[in-house]
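Biologist: I would like to learn how to read a protein model step by step. Could you take me through some features and show me each one in a real case?

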Amino acid sequence: MSAEENIEESPEQYFIGKKEDVIQAKRVSKFVNGRDILVIYHEGKFYAMDAHCYHAGGQLENGDIEELNNKLCIVCPSHKYKITLAEGEGIYKASNPKEKNPIPRWFSKGIKQRVHTVLEVGGDIFVKMSEVRGWIESDYYQTEKYRQEKAMC
Ligand code: FES
């Protein structure tokens with residue numbers, strides 16, 4: 001099944017802010033439709049993803065953005081996991097110690113962070129929530145269970 005077949009027909013859109021305000025802020029976190037969403041403006045493009053890192057709920061809002069393996073990534077400030085902005089793919093660099101001359105290479109863990117679609121409409125920025133079905137690891141940090149656990153810490 002392709003990614004397109006997983007997307008429902010009428011996704012809802014949520015207002016994030018005025019385009020110029022989002023550009024100036026560069027990062028905007030907002031609670032929309034039961035999720036904490038992070039909208040990022042970087043080098044002329046907008047991105048949106050779940051605001052809490054798939055690894056352990058780190059605040060991606062405070063992460064650096066770096067180009068790694070030819071992809072723009074946010075680096076989680078908690079444990080430095082790298083997540084591609086456009087796809088939500090977890091990537092890591094490693095070398096195989098069994099190789100004669102181990103060379104570090106980039107590897108993919110697959111899609112780990114739920115990403116959303118950013119829309120510009122008449123000078124406003126909206127987010128269309130991801131409707132990709134199935135569990136994506138960042139979903140856990142959007143649950144009531146996680147919010148209750150966090151509140152008790
Ligand atoms: Fe993000 Fe651990 S919480 S890397």
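This is a predicted model: local features need pLDDT of at least 70, side-chain atom pairs count only at pLDDT 80 or more; totals for chains, interfaces and linings use all residues.

Biologist: Let me begin with the backbone: which residues here have a positive phi although they are not glycine?

Modeller: The general idea is that most residues other than glycine have a negative phi. In this structure, K26 has a phi near 70 degrees, and K26 sits in the loop between α1 (19-25) and β2 (27-32). E43 also has a positive phi, of about 45 degrees, and its place is in the loop between β3 (35-42) and β4 (45-50).

Biologist: Is E43 buried or exposed?

Modeller: E43 is exposed, because its relative accessible area is 65% and the cut-off for that word is over 50%.

Biologist: Next I would like to understand salt bridges; how many does a search of the whole structure find?

Modeller: To read one, look for a side-chain nitrogen of Lys or Arg within 4 Å of a carboxyl oxygen of Asp or Glu. The search finds nine salt bridges in the whole structure. One of them joins E120 and K19, whose closest N and O atoms are 2.8 Å apart. E120 lies in strand β10 and K19 in helix α1, so this pair ties together parts that are 101 residues apart in sequence. Both partners are partly exposed, E120 with a relative accessible area of 46% and K19 with one of 25%.

Biologist: Which residue forms a salt bridge with K112?

Modeller: The partner of K112 is E137, and their closest N and O atoms are 2.5 Å apart. K112 is in the loop between β9 (105-111) and β10, while E137 is in the loop between β11 (124-128) and α2 (144-152), and the two are 25 residues apart. K112 is buried, at a relative accessible area of 16%, whereas E137 counts as partly exposed at 33%.

Biologist: Where do D139 and R114 lie, and what does their pair tie together?

Modeller: D139 forms a salt bridge with R114, with the closest N and O atoms 2.8 Å apart. D139 lies in the loop between β11 and α2 and R114 in the loop between β9 and β10, so the pair ties together parts that are 25 residues apart in sequence. D139 counts as buried at 9% relative accessibility, and R114 is buried as well, with a relative accessible area of 6%.

Biologist: What is H116 in contact with, leaving aside its neighbours within four places in sequence?

Modeller: Start with where the residue is: H116 lies in strand β10 (residues 115-121), and H116 is buried, with a relative accessible area of 8%. Its contacts are R35, I37, A48, M49, D50, V127, K128, M129 and S130. For S130, the backbone nitrogen lies 2.9 Å from a polar atom of the H116 side chain.

Biologist: Finally, how many aromatic pairs does a search of the whole structure find?

Modeller: The search finds seven aromatic pairs. In one of them, the rings of Y41 and F46 have their centres 4.9 Å apart and their planes at 50 degrees, so the pair is tilted. F46 counts as buried, at 14% relative accessibility. Elsewhere, Y140, Y141 and Y146 form one aromatic cluster, and K109 lies over the face of Y81, at 3.8 Å from the ring centre.

Methods:
Residues are numbered from 1 along each chain as its sequence is written. Side-chain values use heavy atoms; hydrogens and water are left out. Helices (H or I, at least four residues) and strands (E, at least two) are DSSP runs, numbered from the N terminus. Buried means under 20% relative accessible area, exposed over 50%, partly exposed in between (1.4 Å probe, protein chains only). Rings of Phe, Tyr and Trp (its six-membered ring) pair if their centres lie within 6.5 Å; planes under 30 degrees apart count as stacked, over 60 as edge-to-face and the rest as tilted. A charge sits over a ring if NZ of Lys or CZ of Arg is within 6 Å of the ring centre and within 35 degrees of the ring normal. A polar contact is a pair of N or O atoms within 3.5 Å; within protein, one must be able to donate a hydrogen and the other to accept it, and residues adjacent in sequence count only if both atoms are side-chain atoms. Contact means heavy atoms within 4.5 Å.
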